[in-house]
Amino acid sequence: MNDSSHADAPATDAAPGAAVWDPLGDLTRSAYCGDLRPEHAGQTVTLLGWVHGRRDLGSLLFLDLRDRAGLCQVVCNQELAPEAHQKASHVRSEYVIAVRGEVVRRAADTVNPAIPTGEVEVLAREVFVLNGARTPPFPLEGEGPLAEDARLKYRFVDLRRPRMQANLRLRHEVAFAIRRYFADRGFLEVETPFLTRSTPEGARDYLVPSRVQPGSFYALPQSPQLFKQILMIGGCDRYFQIVRCFRDEDLRADRQPEFTQIDVEMSFPREETIYELVEGMLAAAFTAAGERVATPFPRMSWEQAMALYGSDKPDLRLPPMLDARGFFAPADLAHLKLDPALPLFAIRIPQVGALSRRERDELRPLAEGRRARFFEDFARIAKAFPQAGAQITAAFAAQGGGEGDLVVLVGAPAPAGEPTFTAHALAAEAGGFRLALGQRFADRHRLLDPRDFRFLWVTSFPMFEWDAAERRWAAAHHPFTSPREEDWPRLESAPGEVKARAYDVVLNGTELGSGSIRIHHPELQSRIFALLGMDEEEARRRFGFFLEALRYGAPPHGGIALGLDRLVMILAGESSIREVIPFPKTARAVDLMVEAPSAVSAAQLRELGIRPL
């Protein structure tokens, strides 16, 4: 017997004749299509689902019936069940039907190993046509490229595709494992408000006008940060929440205006407490997805991450960079027209092999638009400076490097006047080039294998960053992060040297989560606000309720927030979080299915006291 094919389904919006649909009546699903196996042979089942495809061989008609569990083949035999065959002859792709029949084993020469149900089929006794369907705007089978705008406009169809069904199930399994993990460790899931006050810090808030308080606005939360800290002050002790958050910011593959985070806070922790907790939670989430991770995760300071990888979220699947400046004499650096005061980064991409002239020419666009100097022909450099070349080769050999590795040098051009780079800025430039090279040659020896999970804790971030445009210090994480206790005396005298008790958990170059030990002393919190340019009046206006709460016995506390969307995206092997969010927005923050955002009536605006532009 042959499996049915989508291509054989006639492209029509309705069955011939009048559209008279069967009622659901007392029909009740007894099994999911995708769950049928040889051990079910001989059982009578009732299946409910969508017609995925059909193949008409005259007296035998084959239907692929699909539900969220998968596909099974239904056989309608005109001789055995003429009425079921007659009804099945009118169904088309995506019709909703019910089938009653017997599970039977397929003949050996008709087994389909491509699907889990391929050893059985259902011999239909009755067919009920519950609803018709228009021809889908795109095929539901296969993994070929589809226009994303069409997928998002017809999301109700796109969600039926097996890939999307698998992603939704994975998201559920991961979220369920996380909830179970925290519940088993005494954490309480507490809901925090969606309508709150605007305390903009970083991204823009989504504002909601108040009808009963004209001229006033709520804000949708960018994070439950202050509420979860107040829960610690309120004695909750251990809190978590899988919570929706909102940020009005420019979008990219791993950002959406509304997103879901795993929010965690606990009283009396040390950094080690958080590390151990989160590592266990991620191990549980990966186990739910059928993956294994090794714990504990390695740890690295922010300074080390920038020096070795040029990134505060390094991808450990590629080797670290090497500062080769010390291998060159000052005269050599002058000959290369490089700044001798800054690092000279050597980048190694393993087992790339010999590059053709064309491939070398293709490397140059990767460096375009960057201010650093790039020397992609290491063989030429090694020949011109043999001692330095030998030392670089030996240093990389100690890392496991060898024949066939691509080596590129990245340095800062010698300044004609003021230096063009800081050490950290040059490291970031080199780190970006390192990652671009890795992606360019990712198909060689699976350099960036998506199933090779490399976790890392990045710690000891700077407490502050200098905002040259505003000419003031800004919080590197957020203003509720505690500085290291040994740095408290230097807050006002040397803020650029102060380190935060902050930490990020990183996976394969993606920041999964960010957290910190929080400030729990009101006096220290006021000092931080002052350093950020907030006078006492502004601090009271924006955060007065929180400063007041700190004065009523706040325990030491800390936590973290991790992106659930990003986590599931990585586990699903997807490149965009839109593939694991049921109803995402486009890159322009538009929901094409419901056509939001949209205009509202003048009456609604008047009721809110808003005058249209």
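## Contact of helix 4 with helix 6

In helix 4, residues E173, V174, A177, I178, Y181 and F182 meet E276, L277, G280, M281, A284, A285 and A288 of helix 6 (contact: heavy atoms within 4.5 Å; helices: DSSP runs of H or I, at least four residues, numbered from the N terminus). By class, this contact has 10 nonpolar, one polar and two charged residues (Ala, Val, Leu, Ile, Met, Phe, Trp, Tyr, Cys and Pro count as nonpolar, Asp, Glu, Lys and Arg as charged, the others, Gly among them, as polar).

The model is predicted: local features need pLDDT of at least 70 and side-chain atom pairs pLDDT 80 or more, while totals for chains, interfaces and linings use all residues. Residues are numbered from 1 along each chain as its sequence is written, and side-chain values use heavy atoms, without hydrogens and water.

## Nonpolar cores

The largest nonpolar core has 41 residues, and I178, F182, L282, F455 and L567 have the most contacts inside it (a core is a set of buried Ala, Val, Leu, Ile, Met, Phe, Trp, Tyr and Cys residues joined through side-chain atoms within 4.5 Å; buried means under 20% relative accessible area, with a 1.4 Å probe and protein chains only). Helix 6 gives the largest share of this core, eight residues.

Leaving out residues up to four places away in sequence, L567 touches V174, I178, I262, L282, A285, F286 and L512. Another core, of 26 residues, lies apart from the largest one and includes C72, C76, Y95 and A124.

## Chain overall

Of the 613 residues of the chain, 48% count as buried. The C-alpha trace spans about 90 × 70 × 50 Å along its principal axes.

Technical notes:
Helices (H or I, at least four residues) and strands (E, at least two) are DSSP runs, numbered from the N terminus. Buried means under 20% relative accessible area, exposed over 50%, partly exposed in between (1.4 Å probe, protein chains only).
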